[in-house]
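Below is a report on how two chains meet in a predicted model.

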2 protein chains.
Amino acid sequence: MADAPLFERLCLIGSGLIGGSIARAAREKGGIARRVVAQSRRPETLARVRELGFADEVEADPARAVEGADCVILCVPVGAYAGVMERIAPRLSPGCVLSDAGSTKGSVLRDLQPLLPEGVHLVPAHPMAGTEHSGPDAGFATLFEGRYCILTPPEGTDPAAVERIAELWRRCGSSVEFMDAATHDKVVAIVSHLPHLIAFTICGTADDLAEETREAVLKFAASGFRDFTRIAASDVDMWRDIFLNNREALLEMLARFTEDAQALARAVRWGEAGFIEDRIRRGRRIRRGLIERKQA
Amino acid sequence: MADAPLFERLCLIGSGLIGGSIARAAREKGGIARRVVAQSRRPETLARVRELGFADEVEADPARAVEGADCVILCVPVGAYAGVMERIAPRLSPGCVLSDAGSTKGSVLRDLQPLLPEGVHLVPAHPMAGTEHSGPDAGFATLFEGRYCILTPPEGTDPAAVERIAELWRRCGSSVEFMDAATHDKVVAIVSHLPHLIAFTICGTADDLAEETREAVLKFAASGFRDFTRIAASDVDMWRDIFLNNREALLEMLARFTEDAQALARAVRWGEAGFIEDRIRRGRRIRRGLIERKQA
């Protein structure tokens, strides 16, 4: 890349799938950062990051990691943000852009804004990319290519800071979109968090069945159940934190879904064929909408 | 194939995805039937079956179609079985094996057994294969290859008749398994019918969201929601009939699932991290079980 890099010193708090992928993208694509600092509190992860060599510096202490950085991106489960912010806030450099890669955005404002030092710009981001794997080995430079990245800067955020984070994600290959945090949290509650809650739940429901039936379930899992378990193979800490940090929107969507499921169940019980057909047709219509947008 | 065909005259009631695929398999693989009769009550479908040429004879009237057949397989939505049986029962040849390809098996006994003529053998079957497409064009000879086919012959069924149907499915490339109808219905309720009910429902829940959010849902549908809509793109008549004909098992599994989802929701509301982690871990465990069985 001929461009000067967007940042001189990019600090990634957390070196798992997301942090490791941003670091690799910065190295392989260029134009993102002159130096990359990868932080992890776990010694094994740090050692592995050193071996993999995708960062210029590795650091255990988040407070030391952020020193002198003009961009800091939190790449840890969202439940860890408040604790990390307490450690790093006093060491953030003036003019630094503080961003993140978490799946909930209201919680980011709640946890980061109160401690945000004067002159540090907060630009929360949610790259809509991931795999079912985690840890520093799971990352790769092309993870974000062709995926959306949603930015939810609070009103009044310095436009130049917002643009630098937007450009970072464009250089990672993503399409950048803007949304307010509340809308973001509602949208991801229905497209991602509720499906995961359902997938985790139905796996447990199956696991509770009598021994003989459970064996048959595992044997005959048809495509329906397989798609659910694909979702269910996700990182425990990340999803626990997502559920806890998008509580309101998730419970609201689950309540709506449960009402709708009960209405369909009632139609099944009472043999209301027309109602059932209507629900199936609506599913197909949404499906068509997704295909037209080439998302399916 | 050097073997003599299993049947002289195989009659398929219904010429959609499943009937069309059995006919094609019989033609391409050999050893299954000397002649194939494909029935459909819809003139467009009959005309198309003639054009596609996958059957030796096509016939609109089910009663005429089954005449002289030594094997009849119902390949229509399970809700149509009772009506079809009324029409065909008086014309079934002595010694004929009557089978089907429906996704519910208790309902098959309920709808077919009372009208079963003396000397006709009932061997219900459920080939666990399908696509999201339907109609005579959707079928293909390899649809059943590598898939399970579950047979649920009632106690006392002629073992020779059971073996001929089992061999038909083996020659279509399937692995044949045996189960009683009640167990079958419970297993498919959790691995297939409940996931479909959930998928249809969540699509409707999303469709009910306010205009702005719905647009964003379609735009940002992450893998979670995509997997759900893949399931939801299924045939309306078939799924209506499945829900109505596996009512007890489906409502039982939905009730269990709903209890489990509410327990998880409660943990989210009250911040019970340990409970949430446990549910996520169980999902991963089931997932691993599936992978070990090479079903995922």
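## Salt bridges and polar contacts

A:Glu177 pairs with B:Lys219 in a salt bridge, with 3.1 Å between the closest N and O atoms. A salt bridge here is a side-chain nitrogen of Lys or Arg within 4 Å of a carboxyl oxygen of Asp or Glu. By this rule, 10 salt bridges cross the interface of chain B and chain A.

There are also 14 residue pairs in polar contact across this interface, both residues at pLDDT 80 or more. A polar contact is a pair of N or O atoms within 3.5 Å; within protein, one must be able to donate a hydrogen and the other to accept it, and residues adjacent in sequence count only if both atoms are side-chain atoms.

## Extent of the interface

Chain B and chain A each contribute 85 residues to the contact (heavy atoms within 4.5 Å). About 8,600 Å² is buried between them, 70% of it from carbon and sulfur atoms; buried area is the accessible area (1.4 Å probe) that two parts lose on being put together, summed over both. In chain B, the residues that lose the most area to chain A are B:Leu218, B:Phe220 and B:Ile286, together 8% of what that side buries.

## Symmetry

Chain B superposes on chain A by a rotation of 180° with 0.0 Å of shift along the axis (RMSD 0.0 Å), using least squares on the C-alpha atoms of residues with pLDDT of at least 70 in both. The two copies are therefore related as by a two-fold rotation axis. The same surface serves both: 100% of the contact residues of chain B recur in chain A.

## Conventions

Residues are numbered from 1 along each chain as its sequence is written, and chains are lettered from A in the order in which they are written. Local features need pLDDT of at least 70, side-chain atom pairs count only at pLDDT 80 or more, and totals for chains, interfaces and linings use all residues, while side-chain values use heavy atoms, leaving out hydrogens and water.
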